[in-house]
Amino acid sequence: MTTGHVFIATSLDGFVARRDHRLDWLMKQNTEGEDHGYEAFLAGVDGLVMGSGSYKTVLGFGDWPYAKPVIVMSTSLSRADVPAELADRVRVTDLGPRDLMRELQAEGWSRAYIDGGQVVQSFLRANLIRDLVVTLVPILIGEGRRLFGEIAEDIDLDLLGVTSFPSGLVQTRYKIKPAL
């Protein structure tokens, strides 16, 4: 089956976005000249899977940042919510994680970039994430949307590496240990 891979930033207190999905705290960071590996990561996936909150936030950036296909998981959005200029690159689905991964497998995807707090949580609960790259940003924002939520059982991780950057960002890479 298609495997899920996460590349995401969190505030030091564990939030991926403010409650209203804003990322202003992330945009304040001066990381000029630092290669955090995002482009290499993106080159290694077939496309992105995100939730409606992440999708709406990215739409607000102005220029669409993704050349690869994007799947928006949502029960509230429809095809009509995708601007005409993105119709060939963005689609909306109401499928759950497991069914979506089966569909992507049938379409030839081998690696999917899973993005957004709630979507990452749902894919973790369904045991569909292979690895995570989590970058801690040196800021406390106090409240917002958490990266990790409730889980039914522990998810064991193997640490693959840690990199610190001059900006203060600390990036950790983990592989999900197979369930016994």
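How much space lies in the largest pocket? About 1100 Å³ lies there, and the views below begin with this pocket. The model is predicted, with local features requiring pLDDT of at least 70 and side-chain atom pairs counted only at pLDDT 80 or more, while totals for chains, interfaces and linings use all residues. Residues are numbered from 1 along each chain as its sequence is written, and side-chain values use heavy atoms, with hydrogens and water left out.

**View 1. The largest pocket and its lining.** A pocket is an open set of points on a 1 Å grid over the protein atoms alone, with protein on both sides within 12 Å along at least five of seven lines, and its lining residues have an atom within 4 Å of a point. The volume is the space filled by probe spheres set on the points, which are joined across faces, edges and corners. Of the 41 lining residues, Ile-8, Leu-23, Leu-26, Tyr-113 and Asp-115 lie nearest the centre. The lining comprises 19 nonpolar, 18 polar and four charged residues, where Ala, Val, Leu, Ile, Met, Phe, Trp, Tyr, Cys and Pro count as nonpolar, Asp, Glu, Lys and Arg as charged, and the others, Gly among them, as polar.

**View 2. The second largest pocket.** This pocket holds about 320 Å³ of space, and among its 16 lining residues Asn-127, Glu-153, Asp-154, Ile-155 and Ala-179 are the closest to its centre. Its lining divides into 10 nonpolar, one polar and five charged residues.

**View 3. Aromatic pairs around Tyr-113.** Six aromatic pairs are found in the whole structure, a pair being two rings of Phe, Tyr or Trp (its six-membered ring) with centres within 6.5 Å, stacked if the planes are under 30 degrees apart, edge-to-face if over 60 and tilted otherwise. The rings of Tyr-38 and Tyr-113 are edge-to-face because their planes stand at 65 degrees, with centres 6.2 Å apart. This pair joins helix H2 (residues 38-43) to strand E6 (residues 111-115) across 75 residues; helices (H or I, at least four residues) and strands (E, at least two) are DSSP runs numbered from the N terminus. Phe-41, also in helix H2 and 72 residues from Tyr-113, pairs edge-to-face with Tyr-113 at 5.0 Å between centres and 90 degrees between planes.

**View 4. The ring cluster.** Ring pairs link Phe-7, Tyr-38, Phe-41 and Tyr-113. Tyr-113 is buried at 3% relative accessible area and Phe-41 is buried at 11%, whereas Tyr-38 is partly exposed at 25% (buried is under 20%, exposed over 50% and partly exposed in between, with a 1.4 Å probe and protein chains only).

Conventions. 1 Å grid on protein atoms, 1.4 Å probe; cavity = no way out; pocket = protein on both sides within 12 Å on 5 of 7 lines; lining within 4 Å.
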